[in-house]
Amino acid sequence: MTTFALYGHPFSSYTWKVLIALYSVEAEFEFQTVDPDHPDNLAFVRREHPAGKFPILTHGETTIVEATSILEYLHLHHPGLATLIPAKPEDAVTVRMLDRVFDNYVMGNMQRVVSAYLTDAEHPDPAEIAAGKDGLTRAYRWLEDWLGENRLPAHVSLVTCAAAPSLFYADWVEPIRLDCPRLAALRAELLALPPVARCVDDARPYRPFFPLGAPDRD
Ligand SMILES: N[C@@H](CCC(=O)N[C@@H](CS)C(=O)NCC(=O)O)C(=O)O
């Protein structure tokens, strides 16, 4: 079988998104760390992604950018990951919808707050922080209501891969409060899944680099 190679970093939420799928089936792949100690990998990512971001997957002559597209590709090309997206079209729409919700409104608002600290660690822009946290609170409320009326697929799916890293880091930025018990329970369930726990553990050495300061939990 042609080797899959994943360019990413163990502390990167979007890298986790793909790692969770690969780990869930113990897929064989090559991990290419993107950091200053691996300048060739940094150069590859800057060349291949329109904004120089990772993860990136290569498979033979094929290069795929963007985590969701990588998962769509693995769904088609990795025999163990054929269930990442449900076969029933209506269910597939729901899974893809939630993937967008987690990326755009959970991950996106979490990254907005983190970016404010990366831009100026001493004096992060209070307006950016407030906007990001407000966006997270709104997304939490929407997800809490959605979970009250719907169920997620029981197996590892595209939603698992999107939800676990975004909820993990978002909760560090704006804790999920007691008024969202279903969402808090979902985060705990996701963190207990072996492929997610493996990502959390592999990322532990990098926690001191979390720009807001990592909490003493998880
Ligand atoms: N829309 C991209 C977002 C990827 C992204 O934000 N990656 C971050 C790491 S989690 C990154 O590459 N940061 C480094 C940079 O922007 O230079 C995806 O879905 O893959």
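Me: What's the strand order in the open sheet, and how is the pairing?
Reply: Keep in mind that this is a predicted model. The open sheet has 4 strands in the order S2-S1-S3-S4, and the pairing is mixed.

Me: Which strands stand at the edges?
Reply: S2 (29-33) and S4 do. Each has a single partner strand, so one side of each is left without a neighbour in the sheet. On average, neighbouring strands are turned by 20° against each other, ignoring direction.

Me: How many bridges join S1 to S2, and do they run parallel or antiparallel?
Reply: S1 (residues 4-8) and S2 run parallel, with 5 bridges joining them. To find the pair in the viewer, look for Gly8, which stands opposite Thr33 in S2.

Me: Which helix packs on the sheet?
Reply: That's H2 (residues 39-48), which touches S1, S2, S3 and S4. The direction of H2 makes about 95° with that of S3.

Me: OK, S3 and S4 then. Parallel or antiparallel?
Reply: Antiparallel: 4 bridges join S3 (residues 56-59) to S4 (residues 62-65). Ile56 stands opposite Val65 in S4. The two strands form a hairpin with 2 residues between them.

Me: Which residue in that turn has a positive phi?
Reply: Gly60, with a phi of about 60°.

Me: Switching to helices. At what angle do H5 and H7 pack?
Reply: H5 (residues 126-149) and H7 (residues 181-192) pack at about 90°, and their axes are 8 Å apart. That makes H5 roughly perpendicular to H7.

Me: Which residues meet there?
Reply: From H5 you have Tyr140, Leu143, Glu144, Leu147 and Gly148, and they meet Pro181, Arg182, Leu183 and Leu186 in H7. By class, this contact has 6 nonpolar, 1 polar and 2 charged residues.

Me: And what about H1 with H4, how do their axes cross?
Reply: The axes of H1 and H4 cross at roughly 145° and come within 12 Å. On the H1 side, Ser13, Tyr14 and Lys17 meet Asp99, Arg100, Asp103, Met107, Met110 and Gln111 in H4. Here the classes are 3 nonpolar, 2 polar and 4 charged residues.

Me: Where is Leu98, and is it buried or exposed?
Reply: Leu98 is in H4 (residues 89-119). With a relative accessible area of 2%, Leu98 is buried.

Me: What does Leu98 touch?
Reply: Not counting residues up to four places away in sequence, Leu98 touches Trp142, Leu143, Trp146, Leu152 and Val159. The C-alpha atoms of Leu98 and Thr160 are separated by 9.7 Å, with the two residues 62 apart along the chain.

Me: Now Glu174. Where's its place, and why does it count as buried?
Reply: Glu174 is in the loop between H6 (158-173) and H7. Its relative accessibility is 11%, so Glu174 counts as buried.

Me: Which residues is Glu174 in contact with?
Reply: Leaving aside neighbours within four places in sequence, Glu174 is in contact with Lys133, Leu136, Thr137 and Tyr140.

Me: Last one, H8. Which residues are buried there?
Reply: Pro195, Val196, Cys199, Val200 and Ala203 are buried in H8 (residues 194-203). Seen down the axis of H8, these buried residues fall within an arc of 140°, so they line one face of the helix.

Me: And what do they pack against?
Reply: The buried residues of H8 pack against H1 (13-24), H6 and H7.

Methods
Residues are numbered from 1 along each chain as its sequence is written. This is a predicted model: local features need pLDDT of at least 70, side-chain atom pairs count only at pLDDT 80 or more; totals for chains, interfaces and linings use all residues. Side-chain values use heavy atoms; hydrogens and water are left out. Axes are lines fitted to C-alpha atoms, for helices over the stretch in contact, and angles run from 0 to 180 degrees between N-to-C directions. Angles under 35 degrees count as roughly parallel, over 145 as roughly antiparallel, 65 to 115 as roughly perpendicular and the rest as oblique. Contact means heavy atoms within 4.5 Å. Ala, Val, Leu, Ile, Met, Phe, Trp, Tyr, Cys and Pro count as nonpolar, Asp, Glu, Lys and Arg as charged, and the others, Gly among them, as polar. Two strands pair if DSSP finds at least two bridges between them. Buried means under 20% relative accessible area, exposed over 50%, partly exposed in between (1.4 Å probe, protein chains only). The arc is that of the directions from the helix axis to the C-beta atoms.
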